[in-house]
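Q: I'd like a close look at one part of this model, please. Could you walk me through it in one connected answer?

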Amino acid sequence: MIGALVLRELRMGAGGGAMLLPLIFFLLVATLFPFAVGPDTPLLARTGGGALWIAALLAALLPVDRLVEPDREAGVLDQLTLRGVGEEMVAAAKLLGHWLGFGPPLMLAAVPAAILMKLPQDVLLRLELGLLLGTPGLAALSLIAGALTAGLRSGGALAGLLVLPVAVPILIFGAGLIERGGDTGAVKLLAAASLLLVAIAPFAAGAAIRAARD
Amino acid sequence: MSGTELLALERITCVRGGRLLFEELDLTLAPGDAALATGANGAGKSSLLRLAGGLLRAASGLVRRSGAAALADEGLALDPRRTLGEALGFWARLDGGDAGVAMEAMGLARLAAVPVRMLSTGQRKRAVLARAIASGAPLWLLDEPANGLDGEGLERLAAAMAAHRAAGGAILAASHVPIALADARAVAL
């Protein structure tokens, strides 16, 4: 059951190139940043990781509109509830499907992005570790925002305002992990912030889906 | 409740957006039964079906169902980019039903390879009804099932509803146009 739902999420994301948009956005930032800062290699290496984290955070927000709203509009959520699938289960499947279509591709895209930014190899490794730990949290945040704003006009803009303050811990610990390599505290705090969001997301998004019915 | 009813609504009251739609409504449907809700636009026909399906909560009263319910309303709930056969197959697999037989029953068999987004209004309505047929649920909740259907579609709908009732299913329909439901109980909202 949950496998079929996750598969459907992945297919919906892949169809029509919707999954490519965050990736292209991420790579665009990586391409433009050196033009804006200049070809100063030490400066790029010092600031590039942080810029990539901001790009990852904003890329996570791009698909918020299509995470929950199309399914609510078309009655897919109603049909699932009629079949006894709990809203929390639907939200968990959406979270997993969204992360699979967003986290690993972003980690792949981070390699060419790091080359464009002339990041040293150890920085790239720490960026990848941070993305591995942080992207589930970002996916959870966009799912919650998508469920909360489903059915509202200009929900996407509102979702951005909702998510950004809550995403700050992930940004701080993710970027902090890049700067202080040997410091495992940043790794643990990033993982903790991400885990908390992932644990809350199915229940928060499920409750939001239920509330949107009335 | 004797246990044979597929749906029992007891003294339910429905309030939407601060407005009272209907109150103290009683309705029981046993296998083979059918009820037709009629009323003006906005009288609460769709809300009654959603209440019966458990998608809405009644302000007061009891809703009891002894089996699954299939809802056919204006929500298409089929992925627009996939073909009709694949999109219906997704739901049929969840339900353990057969999408092919249901598409045959609604005259959709030759459209199985057509993407859902290319379907006309009437074909979409047939697809929604085919999902209800494939669901195998004993209780059908049909919201304006005749909307958009041509003469041949109406005949197929009537045949499907008759077959469902003959097989021990029950139907609660809402419609503002007459539909072919023999000796259906009238629920005026």
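How many residues of chain B are in contact with chain A, and how many residues of chain A do they meet?

A: Happy to. Please keep in mind that this is a predicted model. On the chain B side, 17 residues are in contact with 15 residues of chain A. Two elements of chain B, β5 (69-72) and α2 (84-95), each supply at least two residues of that side. The largest share, five residues, comes from α2(B). Sorted by class, the side of chain B that touches chain A has ten nonpolar, two polar and five charged residues.

From here we can follow β5 into its sheet. In chain B, five strands form an open sheet with parallel pairing, in the order β5-β6-β7-β3-β8. β5 and β8 (185-188) of chain B stand at the edges with a single partner strand each, so one side of each has no neighbour in the sheet. On average, neighbouring strands are turned by 15° against each other, direction ignored. Further along the sheet, four bridges join β3 (residues 34-38) of chain B to β7 (residues 170-174) of chain B, and these strands run parallel. B:Ala37 has B:Ala174 as its bridge partner in β7(B).

Helices cover this sheet too. Helix α1 (residues 45-53) of chain B packs on it, touching β3, β5, β6 (139-143) and β7 of chain B, and its direction makes about 150° with that of β7(B). Helix α4 (residues 121-135) of chain B lies across β5 and β6 of chain B, at about 175° to β5(B).

Conventions. Residues numbered from 1 in each chain as written. Chains lettered and ligands numbered in written order. Predicted model: local features only at pLDDT ≥ 70, side-chain atom pairs only at ≥ 80, totals over all residues. Contact = placed C-beta atoms within 7 Å. Nonpolar A, V, L, I, M, F, W, Y, C, P; charged D, E, K, R; others polar. Pairing = 2+ DSSP bridges. Axes fitted to C-alpha atoms, helices over the stretch in contact; angles between N-to-C directions.
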